[in-house]
Amino acid sequence: GELFTTATRRAGFALRLVRGRGRATDSSRKKTRARMKTPDGEEPLLTSSSAEYGAASRDEVRENKNTPKLLQSSKEANSTTTTGMLFFQSFDDQHPAIFWDNFSTAMWLITDILWTENNSLAVCIAPFVVVGYAKAFFSFQGEWERYAIDLARTMALCFWILANTVWLFQELTEEKRRTRVDATFMMPYNAGVILTLLAMTVVIEPGIFLYYRSRGINCFEMNTVLKPIGNMGITFWAAKDFAWYLADEEMLREEYRWIPKVAWVIADGTIMFQLFPLFFKALQGWGIFSCFSNYASYKQKQKTFMRRFAHVIDELAMTSWAVSMTLWSFGEIFMPEDTFAQKLAKQPNYPNLRWWCGHVLIFGGFPFFVKSAMEVFMEMSCTAKSHRRRTVALDT
């Protein structure tokens, strides 16, 4: 009797579900497919941020056995979604490395904000950045032929973050009376360790470029999964930090100290030259004024609008990050006496460039923090729902 009752209830639920889905006729489906193009006539975005990255196809994602639970559970989600879900939702085409890249970027932005005022909490967050980029690296499963550019970039990011973490520990240890941080027992940090890690970061992306050039392939034209930061972006970031450290520590002789300053100007100028066009291109592709012109395709355009807005948030965070680091490094290289750690929560009598750097990071990074936090929340929520579904299925 209980089995018959349960079977009847499930049959009734299935019948109601089929009736609800059967209301969409063939003509409505055709109209839906026709509305799958943006107002500019482009195809809908593949990822939650940009059409220019996240180029992994559906077949590639299905072949990846390490696809997050959020991507699997999104297929089972209801068709009615809120604006927040459209904004933070992961899609079938999104590679798992995108989530870990955004998570690590948010963590390091927070670390830099704390570093500007020499806050000891920065040492608690920095290790999560290395773990995040390591997860992004292993999510590609070592498929160099398919994800060579992204694998090289995540490997370079791991070395770059390690170098900056050692640099952070060194600076906080030098002021251990105020920061109460003494990391001398953890690692033999010195100038050689930092410069070696930065040098390893510098040579990774050019090595991949030369390898593909020897095979007659322009790697700059290849599709990538992670968000764009310019051609050899991490190489120039690491080169800038290399020159910054040499100039700040005054490691060269007096007659050669101009060399790292010139190298810093070239590397920093190249970073700005690549990031600002990406930011303005994201604003142009946002299409804020033309997105809702046709009310008939409001829902589809709303999805396109929110995904393009997520791309603007990503590029705003990266551009503000570059600007803030320019202010900080310029102050320590050319005005070392006037650039020191100041509390961001207080208005100093004479705010220096390092203080302004922290506030630029907060301004440009806050939308990205909210976006990343909601992505983590959606990941945890959908994973928990998927776990509950499996538990109920096993119980029945």
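Is Cys 124 counted as buried, partly exposed or exposed? At 49% relative accessibility, Cys 124 counts as partly exposed, where buried means under 20% relative accessible area, exposed over 50%, and partly exposed in between (1.4 Å probe, protein chains only). The views below show a predicted model, in which local features need pLDDT of at least 70 and side-chain atom pairs count only at pLDDT 80 or more, while totals for chains, interfaces and linings use all residues. Residues are numbered from 1 along each chain as its sequence is written, and side-chain values use heavy atoms, with hydrogens and water left out.

**View 1. The protein as a whole has 14 helices and zero strands.** Helices (H or I, at least four residues) and strands (E, at least two) are DSSP runs, numbered from the N terminus. Of the 396 residues in the protein, 45% are buried. The accessible surface comes to about 21,600 Å², and 62% of this surface belongs to carbon and sulfur atoms; accessible areas come from the Shrake-Rupley method with a 1.4 Å probe, and for residues only the protein chains shown count as cover. Among contacts with a separation of 6 or more, 76% are between residues 24 or more positions apart, a contact being heavy atoms within 4.5 Å.

**View 2. The largest nonpolar core holds 65 residues.** A nonpolar core is a set of buried Ala, Val, Leu, Ile, Met, Phe, Trp, Tyr and Cys residues joined through side-chain atoms within 4.5 Å. Trp 160, Trp 237, Leu 275, Trp 321 and Met 325 touch the most other members of the core. At least two core residues are supplied by each of helix H6 (96-116), helix H7 (122-139), helix H8 (144-174), helix H10 (191-214), H11, H12, helix H13 (298-334) and helix H14 (353-395). H8 gives the largest share of this core, with 13 residues. In soluble globular proteins, nonpolar side chains tend to be buried together.

**View 3. Met 325 is shown with its contacts from other parts of the chain.** When neighbours within four places in sequence are left aside, Met 325 is in contact with Asp 112, Trp 237, Lys 240, Trp 244, Cys 357 and Leu 361. A second, separate core has nine residues, among them Ala 136, Phe 140, Tyr 147 and Val 225.

**View 4. Lys 371 and Asp 314 form a salt bridge.** A salt bridge is a side-chain nitrogen of Lys or Arg within 4 Å of a carboxyl oxygen of Asp or Glu, and by this rule the count comes to seven. The closest N and O atoms of Lys 371 and Asp 314 are 3.4 Å apart. Lys 371 lies in helix H14 and Asp 314 in helix H13, so the pair ties together parts that are 57 residues apart in sequence. Both residues of the pair, Lys 371 and Asp 314, are buried.

**View 5. Glu 171, Glu 332 and Arg 354 are linked in a network of salt bridges.** The side chains of Glu 332 and Arg 354 meet at 3.4 Å, N to O. This pair links distant parts of the chain, with Glu 332 in helix H13 and Arg 354 in helix H14, 22 residues apart. Glu 332 counts as buried because its relative accessibility is 10%, and Arg 354 is also buried, with a relative accessible area of 3%.

**View 6. A nonpolar surface patch includes Tyr 256.** The patch covers about 570 Å² and is made by Leu 252, Tyr 256, Trp 258, Ile 259, Val 262 and Ile 266. Patches are made of residues with over 30% relative accessible area and no salt bridge: like charges are joined within 9 Å, and nonpolar side chains (Val, Leu, Ile, Met, Phe, Trp, Tyr) within 5 Å. Tyr 256 is placed in the loop between helix H11 (233-249) and helix H12 (258-286), and its relative accessibility of 43% makes it partly exposed. The side chains of Arg 257 and Glu 254 meet in a salt bridge of 3.0 Å, N to O. Arg 257 counts as partly exposed at 28% relative accessibility, whereas Glu 254 is exposed, with a relative accessible area of 60%.

**View 7. Met 232 and Glu 250 have positive phi values.** Phi of Met 232, a residue other than glycine, is near 55°. Met 232 lies in the loop between H10 and H11 and is buried, with a relative accessible area of 18%. Glu 250, which is not a glycine either, has a phi of about 50°. The place of Glu 250 is in the loop between H11 and H12, and at 46% relative accessibility Glu 250 counts as partly exposed.
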